[in-house]
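User: Please walk me through the helices and strands of this model.

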Amino acid sequence: MPDDTTASNHGGPPLHVAVIMDGNGRWAKARGLPRSVGHREGVEALKRTIRGAPDAGVGCLTVFGFSTENWSRPEDEVSDLMGLVRTYVASDLAKLAREGVRLKILGRREGLPTDIARIVDKAEADTAHNDRFQLQVAFNYGGRADIVDAAEAYAKRLAAGDAVPPLTEEVFGAGLSTAGSPPVDLIVRTSGEMRLSNFLLWEAAYAELVFQDILWPDYGPDALKQAVDAFRARDRRFGGRSAPMQAVG
């Protein structure tokens, strides 16, 4: 993990990119189609983006699939989203495993439909040995909820005598869903919205942010490359000072 006083970047690509896949509903509405069609096209956009990520130098991709707040959406939309998970894993899990992709699901397992919980457990187990590329899907996930869960886990360990104070950032971070993954370098949000929406709040501390005015179903390798290029042009300081400017003239 980078020292928060050290300047860094060197023009390299971000190792870990996180994406808020926004705009499925608006994409469908603009075409007079049901929201379910937008979500299905969003899955195709995800597939394209996963294929293009390694070529952009990305080693870990985290996407926001379903938030803890999404349960409040209309019942038929939630049912359709769950159906997409079933279909995507059934059709693509073997391919992901063959291509060396390790799949990790972030978020709470409690409250998921029983078959969905089994599906995500199987997906993780079947790809656990892979190391070419890591795909993390935040599902039934919320940044605040993840922080609360990590705090509760530490409190239980402390009460059981399995942890010793003081609590450090490293110890706390090890209790988050993202434990074991590289630090998040870049967070991208599509559709033109400019907010994090409770996504990776702890991990976003020193991540670069890029907001792209493109609806998620239209996303793919070219749009990802644009975000990566924007990242590479930045000077990452992690709370430290930038290099002194040279005098002109």
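Analyst: The expected span of a helix is 1.5 Å times one less than its number of residues. Helices (H or I, at least four residues) and strands (E, at least two) are DSSP runs, numbered from the N terminus. This is a predicted model, where local features need pLDDT of at least 70, side-chain atom pairs count only at pLDDT 80 or more, and totals for chains, interfaces and linings use all residues. Residues are numbered from 1 along each chain as its sequence is written, and side-chain values use heavy atoms, with hydrogens and water left out.

User: How far apart are the end C-alpha atoms of helix H2 (residues 35-52)?

Analyst: Helix H2 has 18 residues. At 1.5 Å a residue, H2 should therefore span 26 Å, and this agrees with its end C-alpha atoms, which are 26 Å apart.

User: Within what arc do the buried residues of H4 fall?

Analyst: Buried means under 20% relative accessible area, exposed over 50%, and partly exposed in between (1.4 Å probe, protein chains only). In H4 (residues 114-127), the buried residues are Ile-116, Ala-117, Ile-119, Val-120, Ala-123 and Thr-127. They line one face of the helix, because seen down the axis of H4 (directions from the helix axis to the C-beta atoms) they fall within an arc of 160°.

User: Which exposed residues does the face of H4 turned away from its buried side carry?

Analyst: This concerns the face of H4 turned away from its buried side. The exposed residues there are Thr-114, Arg-118 and Ala-125.

User: What is the bridge partner of Ile-187 in E6?

Analyst: Two strands pair if DSSP finds at least two bridges between them. Strand E5 (residues 186-189) pairs with E6 in the parallel sense over four bridges. In E6, the partner of Ile-187 is Leu-209.
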